[in-house]
Amino acid sequence: MKRSTAASHDPASNGNSVTNFSLSRLFQLSATERQGVTTRRSLRLQQAYERLVAGGESPSVTVPINSPEPHASSDGNESLASSATPNISPPPVKVRRMQVGGNPAALNNRSVGDRLKEKQKDLQSHVTTTEGSSSTAAAAPSTSTTTVALNSSVTTRDKPLSDRQRNTVRVISQYLREIGMTNTVETLTDESGCREEDPLATQFREALEKSDWGTIVEIVDQLKDQIKESSYMTLRVTFLEELLKTHFSSGDLIAALAVLQKEYPRHPDFLDRRKHYGSMLAADADYLKSNFADSIVMTQKSDLLDLAEDLFPPTFLLPKAHGSNGILRDHKCNTLHFPNRTSQIISDHEAEVWVLKFSPNGQYLASTGKSGLIYIFKVLNDRKLAYYNRYMLSDELDGINCLSWSGDSNFIACGSAGNSHFGIFLIDIHRIVDVEFPVQDHIIRLGVEKFTVADFFPSPRQHRIVCADQKGNFTVHDVDHDLSDKGNDFEGLRVNGLYCLKDGRTVLASDTLFRIRSYNFENMTDLTLIEEAHPIVSFTLDSPEERCLITTKSGGIRMWCLETRTLIQTFFGSVHADIVVNACFGGANEEYIASGSEGNNRVMIWKRDEKYPVKYLDGHNGSINAIAWNPHFKNMLVSGSDDHTIRVWSSVPPGSTFVEPVPEILSRVDEDPRDSPVDCEPYLRHASVKY
């Protein structure tokens, strides 16, 4: 091959590399000479790249200026000698990052699940190849951050998913299936090991859709050991009644009789309903068939599904509670969950009812008021109470307006704001007392000539109680060890309300200066949290101890955030002026506020995020002073009024007809109320107190 004329006359160019070649000298060459330099440089770079891929060393790339250059062939076209210059194929076209195989249409025709499965297979094959050629990987380590990140995604989890994480995955899977991403759900299930729903739950939904009540009852029986006894009985009776309605609508009275005799429970709580359906067997078959064939009589399946989703554990039946605007939606109570009817009227009190408090375990209700009598009622179910005990502290008391439960639900403490010289009384509710003469000589009395309010720390393993009054007395007592009179822990405070926190050392107290202050009995420090503009009538906290609900004399009911010490919401509609009216949290997730009212004799219920009531409960004939929401039965609410009655508010069971109950005096019973069954589980063992 002939050398270029310019190169042959330049002695400095012989053996020099492109990197050492003068840029100005390069531009002095002809166009043909510059093309030759560029072609030879590309050739050397291509050869170096091929040696690098083969695992060899990458030498320095030098392209001598005096190396052979292309020449013109006889036909006038430039070519390179085959012996010196191999064929150089152009580099492949770089695929864009978001393309799959360079075909964007292929990406749109496949689901996310398909692409995830293919990616997982590619990653697994890549990991296998990497492990099989560890020596090669050591010689040429990968520096791609994308490869490292993808490899880490197929690593096996060191820890199993928690229940909360598994339920979250199930909710996500349910939502993805609702919007049609089935393949993605299968991939998520395979990787997490979390099935969206139990196969038995799927069978339950199918049976409900087909009105196969017998199959549903069998499924409920299979889950008896996984749910509470009260939930099991409620579900079984509900679906057995649907089965009875089906038999009545078809005119099969023999099958209905068999259900009542063999399947329907003989529990006292369902005795009236059993008699009701039993009396229908004497009616004309055609009459029953025409009445029960009407679809209005049959309970809506959506209500039955809501009931099942509420009583079955979420690990079994995942609620279908996702709207089109997102995965989660606000809880909405229907007639199956919300207290909307009076299920019982109790007339044991002969004077105004001022205070109502459920025990922490939800098994007992304590009530007291102007008469000075303290009644203890036993909770039988979410609709009914039974008499348990009553106590008379002193004939000289003008009324009791302070009451607190111990953490183990065995003791109550009570006091009178108008009679500070009586002190605080501690009562063991399980001590048997004569109904006709309910005076208990062994009642513990804390303080003489002091203390009007008291509250227990919520720990179930000890009985520490804080007592205070408006005369500057403020101290803590350990009922199990020391009941002697002691000096004050904090001086000069005029306290009219107390709330002990779960930490066992902090107490919130309201005072006559319209403040809520925090007192630490461990390091003896205090801090002002809230300052109101109106006198504080009463206050309480929600279960997480994050929100404080304050009833003021003329400013309404106000909810504060304890962490930020800011006002969140003011609730309008109720009247609080001259009497003490209590308010409380309650309902599902404590999303509701309930309170009485002084003027309109109505129970008012608000949502926590709404200013105006969402529900009114009518029935009392006097001002409503006390409200309490059962911590165990979320659909059970009680109210006490100046009309001397206690009303139990509950939800109406599906398929039942509401009838206003008649007032009853529960303390006039012959049987021992301690023999009555309780639907809720015991909270903790009874603690012993030495007298």
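Residues are numbered from 1 along each chain as its sequence is written, and side-chain values use heavy atoms, with hydrogens and water left out. Because the model is predicted, local features need pLDDT of at least 70 and side-chain atom pairs count only at pLDDT 80 or more, while totals for chains, interfaces and linings use all residues.

**View 1. Three strands form an open sheet in the order 12-13-14, with antiparallel pairing.** Strand 12 (453–456) and strand 14 (474–478) are the edge strands, and each has a single partner, so one side of each is left without a neighbour in the sheet. On average, neighbouring strands here are turned by 20° against each other, direction ignored. Strands are DSSP runs of E with at least two residues, helices are runs of H or I with at least four, and both are numbered from the N terminus. Two strands pair if DSSP finds at least two bridges between them.

**View 2. Strand 13 (residues 464–468) has a partner in strand 12 and another in strand 14.** With strand 12 the pairing is antiparallel over four bridges, and here Asp455 stands opposite Val466. Five bridges join strand 13 to strand 14, again antiparallel, with Cys467 opposite Thr475. Five residues lie between the strands of the hairpin that strand 13 and strand 14 make, and Gly472 takes a positive phi near 100° there. Strand 14 is mostly covered, with four of its five residues buried (buried is under 20% relative accessible area, exposed over 50%, partly exposed in between, using a 1.4 Å probe and protein chains only).

**View 3. Helix 11 (residues 213–222) and helix 12 (residues 229–250) have axes that come within 9 Å and cross at roughly 165°.** The axes are lines fitted to C-alpha atoms over the stretch in contact, with angles from 0 to 180 degrees between N-to-C directions. The two helices are therefore roughly antiparallel (angles over 145 degrees count as such). Residues of helix 11 including Trp213, Ile216 and Val220 are among those that meet a helix 12 set including Tyr232, Phe239 and Leu243 (contact means heavy atoms within 4.5 Å).

View 4. Cys402 is buried, with a relative accessible area of 8%, and Cys414 is buried at 1%.

Definitions and conventions:
Angles under 35 degrees count as roughly parallel, over 145 as roughly antiparallel, 65 to 115 as roughly perpendicular and the rest as oblique.
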